[in-house]
Amino acid sequence: MNTTFGRSLQCEWMKTRHTPAVRIALVGALLIPLIMTIAQLRMPKTMSYNANPAEYWIKLYIHSWEFMAVLLLPFGIILITSMLVQIEFKNNTWKQTLITPQSLTSIYFAKFVIISMLLLLFFVSFNLFIVLSGIIPGLLHSDIDVPAHWPPLLKITKDMAAMWLTCLPLLGLQYTLSLRFSNFIVPIAIGLACIIAGIFALQWSQGYLIPFAYSSFHFMIMSGQEKFQFPYNIYWLSLISFVVFAGVGYLSFLFRKYKG
Amino acid sequence: MYTLQTKQLSHRFGNGQMAVDHINLQVPDQSIYCFLGPNGAGKTTTLRLLLGLIKPTAGTINFFPNHPSPNRVALMQRIGACIEVPSLFHHLTAVQNVAICANAYRTPKSRMDEVLQLLGLADAKNKKVSQFSLGMKQRLSIAIALLHQPELVILDEPTNGLDPQGIAEIRSTIIELNKNEKITFLISSHLLSEVEKLATHVGIIHKGQMKFQGTMTELYQASSKAAKLILSTDNDEAAMQLIATHFDMQPIASGALIYSSIDQSLSLKINRMLHDHRIGVSQLQWQDNDLETHFLRLIQNPTL
């Protein structure tokens with residue numbers, strides 16, 4: 001690793017670790033599994049392992065992701081990205097950051113890597129909490145079965161990697177907007193408009209044109225609810241859209257007339 | 001030898017206003033160069049241009065011309081700066097703020113305690129910056145600027161928000177570092193009294209233009225050059241004629257005995273001459289030969 005970049009990463013992590021962003025990522029990841037756990041304890045027969053052991057984990061998994069993929073995850077991305085970039089604007093620290101011996105490229109990508117890592121932390125925590133929500137109710141309530149086998153970890157990992165990939169366009173756009181506008185409201189408002197556009201795209205046969213719907217489309221694919229056959233692979237489109245959004249953000253950051 | 005030189009440095013804002021107008025800044029090695037000007041004169045814009053936070057419309061900036069740095073990252077390792085209001089992370093403690101910069105500058109941890117001690121913040125190092133007063137924030141910002149023992153320190157209004165004792169402490173710290181560690185300081189200020197006590201060199205800027213640049217001694221000389229001698233006698237008309245005849249001087253204001261002169265011994269000579277001619281002198285005084293008046297005159301009428 002480039003030493004300048006390594007130092008930039010450390011600096012960004014030092015700024016981030018004491019912010020509410022880490023807690024938001026963990027609490028956000030806990031929310032739905034907690035609701036699922038409570039729901040199972042209140043209605044013990046809804047998710048029976050013994051009724052269909054082969055499908056138990058997949059069913060629990062899809063139920064949990066159903067709420068997350070369309071609304072909560074995109075909103076979380078918008079919130080965390082804006083919040084982390086806003087630290088610099090709010091504290092008036094851009095100028096201090098930019099006069100330290102770090103290249104603009106290092107600063108830009110270090111911040112981005114930290115935000116991506118938070119998203120990854122959210123994914124890992126969310127999946128861990130889903131697994132716990134599948135086990136804990138059985139340990140607490142005698143009418144609920146305790147699963148006899150582990151969840152399909154390989155499938156979950158592949159699905160999560162694909163989900164992370166489809167989140168990148170929104171992350172790239174939100175990062176670019178958050179760097180561009182010092183006013184917290186502007187990137188959040190644009191991000192919310194993108195989420196709404198993504199929800200509408202789910203009903204549209206040309207929905208692949210809206211990059212913010214890719215995570216929802218991926219959820220539809222993994223849950224077997226695929227409605228449309230798109231002419232292009234949404235995973236490649238995710239990657240291309242991300243490169244375009246992040247590239248525009250990078251150039252705008254590099255050539256900005258007034259920095260800090 | 002200069003630590004910093006600019007040639008025709010200019011910056012025009014988006015609305016067409018010339019914020020910095022062809023400035024040739026010359027900061028000598030190991031000097032305390034004070035950049036003086038009223039609010040809105042272009043001081044902060046110039047400092048931001050120097051640090052690369054704004055791009056110049058025209059002109060060049062040359063840091064360490066004798067030992068130039070190969071790139072911006074290497075250059076920034078040699079410069080410490082604090083621009084405008086303190087740039088600090090309010091959700092972090094003082095020591096955490098310093099640690100972020102220590103990491104960026106590759107500074108050993110022992111140095112962190114040293115600068116906090118130097119700026120009188122050792123006892124408050126574990127306190128969150130959000131609980132700091134403006135003066136403490138200012139001290140912390142200066143501590144961060146000094147952290148990596150830079151060759152040049154650029155400070156924008158460093159005594160803002162400090163109490164008189166704090167101002168005196170910061171001043172003596174700067175003078176000490178300049179003398180003992182040979183650090184060059186470029187300090188912007190609108191407080192003339194502070195500049196008088198601190199600077200070895202001064203640059204006066206107004207409306208984006210450099211009105212004066214030189215040593216403090218040169219500034220004092222220029223100041224006394226523009227001093228006024230004010231006289232009141234019991235026969236002003238005769239006194240005026242005598243002064244014109246003997247000293248070849250004309251009053252600068254019509255109908256009053258007010259003369260512009262550099263020669264401080266003139267008052268004695270005139271007094272003696274008027275006494276010899278039996279003209280009573282009721283008032284004889286030098287006025288406006290202090291730095292403040294000269295500064296005000298410079299920014300109001302640069303031709304003086």
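Me: Which strands does helix H5 (residues 134–146) of chain B lie across?

Reply: Helix H5 of chain B lies across E6 and E7 of chain B, and runs at about 165 degrees to E6(B). Keep in mind that this is a predicted model.

Me: How do strands in a sheet hold on to each other, and in which senses?

Reply: Strands of a sheet pair through backbone hydrogen bonds, and the pairing is either parallel or antiparallel. Take E6(B) and strand E7 (residues 152–156) of chain B: the two run parallel and are joined by four bridges.

Me: What is the strand order in the open sheet of six strands?

Reply: Read across chain B, the order is E6-E7-E8-E4-E9-E10. The pairing in this sheet is mixed. Strand E6 (79–82) and strand E10 (209–215) of chain B are the edge strands, and each pairs on one side only. From one strand to the next, the twist averages 15 degrees.

Me: Chain B also has an open sheet of three strands. What is its order, and is the pairing parallel or antiparallel?

Reply: The order is E12-E11-E13 in chain B, with antiparallel pairing. Strand E12 (257–260) and strand E13 (281–287) each have a single partner strand, so one side of each has no neighbour in the sheet. Here the average twist between one strand and the next is 15 degrees.

Me: How many bridges pair strand E11 (residues 228–233) of chain B with E13(B)?

Reply: Six bridges, in the antiparallel sense. Within that pair, B:Ile230 stands opposite B:Gln285 of E13(B). A helix packs on this sheet too: H10 (residues 266–276) of chain B touches E11 and E13 of chain B. The direction of H10 makes about 165 degrees with that of E13(B).

Me: Which domains does the assignment give for chain B?

Reply: Domain 1 covers 2–221 and domain 2 covers 228–287. Their centres, taken over C-alpha atoms, are 46 Å apart.

Me: Now chain A. Why are helices H2 and H5 of chain A called roughly parallel?

Reply: Angles under 35 degrees count as roughly parallel. Helix H2 (residues 20–42) and helix H5 (residues 104–140) of chain A pack at about 25 degrees, with axes 8 Å apart. H2(A) and H5(A) are therefore roughly parallel to each other. The crossing of H2(A) over H5(A) is right-handed. Among the residues in contact are A:Ala25 and A:Pro33 of H2(A), and A:Phe122 and A:Phe129 of H5(A). By class, the contact of H2(A) with H5(A) has 19 nonpolar residues, five polar and no charged.

Me: And why are H6(A) and H8(A) roughly antiparallel?

Reply: Angles over 145 degrees count that way. Helix H6 (residues 153–180) and helix H8 (residues 214–222) of chain A pack at about 155 degrees, and their axes are 8 Å apart. H6(A) and H8(A) are therefore roughly antiparallel. The contact includes A:Asp159 and A:Met163 of H6(A), with A:Tyr214 and A:His218 of H8(A). The contact of H6(A) with H8(A) has six nonpolar residues, three polar and one charged.

Me: How many residues of chain A are in contact with chain B?

Reply: The size of an interface is often given as the accessible area lost when the parts come together. Here we count residues instead. Chain A has 24 residues in contact with 23 of chain B. Helix H1 (3–16) and helix H4 (94–98) of chain A each supply at least two residues to chain A's side. H1(A) gives the most, with six residues. The side of chain A that touches chain B has seven nonpolar, 12 polar and five charged residues.

Methods. Residues are numbered from 1 along each chain as its sequence is written. Chains are lettered from A and ligands numbered from 1 in the order in which they are written. This is a predicted model: local features need pLDDT of at least 70, side-chain atom pairs count only at pLDDT 80 or more; totals for chains, interfaces and linings use all residues. Two strands pair if DSSP finds at least two bridges between them. Axes are lines fitted to C-alpha atoms, for helices over the stretch in contact, and angles run from 0 to 180 degrees between N-to-C directions. Two residues are in contact if their C-beta atoms, placed from the backbone, lie within 7 Å. Ala, Val, Leu, Ile, Met, Phe, Trp, Tyr, Cys and Pro count as nonpolar, Asp, Glu, Lys and Arg as charged, and the others, Gly among them, as polar. Angles under 35 degrees count as roughly parallel, over 145 as roughly antiparallel, 65 to 115 as roughly perpendicular and the rest as oblique. A crossing is left-handed if the near helix is turned anticlockwise from the far one by less than a right angle, and right-handed if clockwise. Domain bounds come from an automatic or database domain assignment.
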